[in-house]
Amino acid sequence: MKRPTLLAVAALLTMGTAEARAIDLTVAEKTYATVCANCHGRTGKGMASFPSLAGRDATYISDRLKQYRAGEKVGPNTPLMMPQATELSDDEIASLSVYISTNFK
Amino acid sequence: MKQHAIAWSLCAALTSGVILGLPAVAAAQSNGPSITPTTVLSGLDNPWDMAFLPDGTMFFTEKCRGLSVMLPSGEVNALLGMKDSQGYASTNDDLFCEGQAGMNGVAVDPNFASNRQIYVYSTSSLSDPVTNRVMRLKVNDDLTGVSDRTDIIDDIQYKPAATNHPFGGPGAHNGGRVRFNPGDGFLYVTTGDTHNGKVPQSPTLIGSKVLRVDRDGNAATGNTPPEGFDARTYTYGHRNVQGIAFRPGDNQPVVAEHGPWHTDEITVLKNGGNGGWDPRPNMAGRGDCPDDYCGYEPNQMKGMDATERAAYMPMTDSKTFPEAMQPAWTNNGLSQGTSSAEFLTGEQWGDWDGRLVVGIMGIGFGGTPVGQRIDVIDLSDDGMSVKEVTTMAIPMATGRYRSVVQGPDGNLYTAVDQGEIYMLSPN
């Protein structure tokens, strides 16, 4: 978690993209703790009506966030997720995807 | 399954119930006592409710696992598991979870010492269509198992399929709290609208109601619902009641409800009263709505001004129902996930003795702050307003406060969806 360069490489391999992204895991960790954890839990296991993120790979997380950002409906929690994703940049989505997929197995 | 909470290894403690101390700090309050939190159980799966015996024995439910009990020694016995649960003394395969539904509330019979009965609200597949049930169970003498299951209510509506709404999956708006009123001795059961527009004002469907029944599930003598209503109805026209408590002194029932993108409510109930929630389409100036449920309209998928939303789809529609019960508190017009309720009692609470505490789970939508917290509310004597609202300062990370229950030791216990049960001690 404290080795962003290595993880960035890993993320690129995992996500199968040729597009380089600036991965900032420190910011992603803070974003997760202050925003995502309210519903998905501190360890990503989900709770109540909110799904678990554990075991999801970076591509899955990234694709969902981009769909929400684009205003697509993806399941019943879309109204909660769309506003969260609207302001995220590609780099922030990539960072969150790496953070979540590497920390919540 | 037997679990010994105190003597376990650290490894076990990380994944199962165990008593752990949080840093011994207390938070200063603007009024009332400071609070010291202590972790009672952790590693739980969506703990939903607790109920105590006088010696501190604590029954608790986990939404997708089942019913367990923690003894005063800290030992945890898993009593009744749901479908696919492991390690329980017994399992009932008809009990299942989906979305907000599953094993919810638990209450101890006031005469437990002689009849050893407890009551549990759970979703069950025994009926077709599926329903929620209130089960009466007998606990054995050494608190290692339950038997003699009797479903005293078996016809509470359940949402069986997804619909085109926020949180629109199966199991939505499932109600689920069960509490005995110390004043009249009856069992109160809170139910939800299941995203079905017809349910709240229906005389025969028992979702969106507060039911009042005896130990066998029969209607309480003295219920006064409108003519033609199910006789078990104490109040109707609710959205999704998850909190109910009884005011010290007069034992008047008070409910907490989660609002529809606006207006969480606390309401002092009147026997036979209407909560004024009516999400049917083509009512009160509304047109058609997604899947015949207007509960999140207008503009259900996007944020907008809460006042404007409330004018279109009011939580309490006083124009259509002039006699509707009026809320004492509306969370400043916001919806943040109001769940459970309890009255604090005892001089250890100082200025808060007799005040209502409400657990708020937190929902950040359309610019509304998430708002996870426990509020301490001073209700007016007539129950029509609040005199003061204080957010309890608790020196720990916030959680989705699903349940608040005062224990026999005078402390407040709270379950959070994250998987913990905490003891909150006043100083």
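1. A residue is buried if 20 or more other C-beta atoms, placed from the backbone, lie within 10 Å of its own. A nonpolar core is a set of buried Ala, Val, Leu, Ile, Met, Phe, Trp, Tyr and Cys residues joined through C-beta atoms within 7 Å. The largest such core here has 116 residues, and Met50(B), Phe59(B) and Ile118(B) have the most contacts inside it. Its largest share, 6 residues, is supplied by H5(A).

2. This is a predicted model, in which local features need pLDDT of at least 70 and side-chain atom pairs pLDDT 80 or more, while totals for chains, interfaces and linings use all residues. Residues are numbered from 1 along each chain as its sequence is written, with chains lettered from A and ligands numbered from 1 in the order in which they are written.

3. Phe59(B) is in contact (C-beta atoms within 7 Å) with Met50(B), Ala51(B), Leu67(B), Val69(B), Val106(B), Val108(B) and Ile118(B), leaving aside neighbours within four places in sequence.

4. In chain A, helix H3 (residues 58-69) packs against helix H5 (residues 90-103) at about 140°, with the axes 8 Å apart. On the H3(A) side the contact includes Ile61(A) and Leu65(A), and on the H5(A) side Ile93(A) and Leu96(A) are among the residues.

5. Leu344(B) sits in the loop between strands S19 (338-343) and S20 (356-360) of chain B. Leu344(B) counts as buried because it has 24 C-beta neighbours inside 10 Å. Its C-alpha atom is 5.3 Å from that of Gly354(B), 10 residues away along the chain. Contacts of Leu344(B) beyond four places in sequence include Trp349(B), Trp352(B) and Leu412(B).

Technical notes
Axes fitted to C-alpha atoms, helices over the stretch in contact; angles between N-to-C directions. Helix = DSSP H or I, 4+ residues; strand = E, 2+ residues; numbered from the N terminus. Contact = placed C-beta atoms within 7 Å. Buried ≥ 20, exposed ≤ 12 C-beta atoms within 10 Å, placed from the backbone.
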